[in-house]
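Here are my notes on the two-chain model. Please read them with the structure open.

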Amino acid sequence: MNGFDNKLRQIDAVSRFIFALRENHRASVSFIQADERVDRLEAQPSDDVDAALRGLVSQAEAYRRTEQAGHLVVLPRAPVWDTLVADVPITDVPRLEAATKYIALIRTRVPGLSDLLEPPMKGDPSSPLYTQPVSLQPRGSIVQHFAELLGSDRSVVFTVERLISGARLFYFDQVPQ
Amino acid sequence: MKQQTIANRKSATVHSSADTGLFKRKCACGNHSSGHMECAECARRSKSAQFNRSSLASRRPTLSEMPPLAAGLIESRCGFDFNRIRLHGEQGTIQLQGHTPSGNASASPRNSERATARLHPANAELDVGLKVVRSDTAARLAALSSDGQEDEDVIKTAQVGDAGAGKAPAAPSCSYAMTYANVKTVGCSAGNCGAKIKYDVTGVTATGSGCPKLKGLQVTESVTSDSGCLPGGVTTGGGCQIVDDAGKVKAGCTDTYGLCSSADSYPAAGCTEIYTQKLSVGGVLAETRTITFKITKSKAGCSGTVTRT
């Protein structure tokens, strides 16, 4: 279902760990994939999400975890995701449109993210996943703004994943609650 | 993961009493579900099991980890959401061991089925008794078989269980067909490549002697994707209500499914992504459809087509 065997994706052990947490343990954890590939993890996903994530980041050194706007995020240690972005004019905008605008904005302003692609729409375009209005603080870090795109819906998560083409894709998902 | 689930299911055999149709959670050595007396051997095994339980707990699948069909089967039998309950089986028994809050839990009867659950707080085990009157076997088997080869074991188990219960297989009870109108394909918004398909769900026909009254039933759907072009899940529309017993669906029941993204996000050689759509009537699988998106990229640009079969 996840298309893990899909040749278009660069799935590693950390990606599998996060997707297992979401699907099997209903954990709403957003995820930004690092450039470093991790082929093996001793840590196991579990219902104790905090413990599972502690285990994950202790073994996968390229990663850290944070909580932003009430959302858990596992992301690379690379500082680019902490870059401050100011003058963000996104208030009360449908989620998909807001994400599209924001990613277009940071792609031009943050050199390290020039390969980041806007989120796709898969399925019903009128789904709340795409249409719920969200607002971003005018000034904040990229990871903070990504979390704000999720709004108050705790079932919504985002993923930034590197495609086999080399580009990075930002997309939304919904974790069954 | 899938293999592990199948292996677990194979090792878990459901025992049923031929004359009562009552499924019993067979205690390690006694009939735990009908009384609380425990023989010495049982006590010995219980101690051993408690010792092993903690080490095994982390790898027992919950219902939410099981294939949707298997989890749905259990829920449909019980009329109760056992989502937080872990299921495991060994040595010819099937056991439900749970994380229910406390005290007793009982599931509401649905059709001719009865489910009860009793929690033993001391060791956090849950006894579950299911009484099933098999009036709807054919429909269940049809639902099972629609999910493919993986479910053959479940189907065989169900058939054997019926024979063991000493009852003749039920005649096919009900099958559903959906009717649609105004099917059309539309493009994605500016700057995006892909396609959308839009159609109205107008009605449901039910065929068979065991069909329920249609009025008031919900038409629902679940959709999965093979992520053949892009990662991520598929969002689905809400359900629609059937407004009369002839199967007319409430006006305005329109579905739209799309795959839209920037041209750069698709592979250079193009791609095909397949959504599998399962439509249900009153919670019973009515039909399975396939929505296929083909994305073509060339020097001239990117385009998409969609078909639904």
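1. In which sense do E7(A) and strand E11 of chain B pair, and over how many bridges? The pairing is antiparallel, over 3 bridges, and E11 of chain B covers residues 254-261. Strands pair if DSSP finds at least two bridges between them. Strands (E, at least two residues) and helices (H or I, at least four) are DSSP runs, numbered from the N terminus. A:Gly123 stands opposite B:Gly258 in E11(B).

2. Basis. This is a predicted model; local features need pLDDT of at least 70, side-chain atom pairs count only at pLDDT 80 or more, and totals for chains, interfaces and linings use all residues. Residues are numbered from 1 along each chain as its sequence is written, with chains lettered from A and ligands numbered from 1 in the order in which they are written.

3. Interface. Chain A puts 28 residues into the contact and chain B 29 residues. Contact means C-beta atoms, placed from the backbone, within 7 Å. On the chain A side, strands E7 (121-123) and E11 (168-174) each supply at least two residues.

4. Cores. A nonpolar core joins buried Ala, Val, Leu, Ile, Met, Phe, Trp, Tyr and Cys residues through C-beta atoms within 7 Å. Buried means 20 or more other C-beta atoms within 10 Å of the residue's own, placed from the backbone. The largest core has 63 residues; A:Ile18 and A:Phe170 are among those with the most contacts inside it. Helix H3 (residues 95-109) of chain A gives the most to this core, 6 residues. A second, separate core of 15 residues includes B:Tyr176 and B:Cys240.

Note on methods
Contact = placed C-beta atoms within 7 Å. Buried ≥ 20, exposed ≤ 12 C-beta atoms within 10 Å, placed from the backbone.
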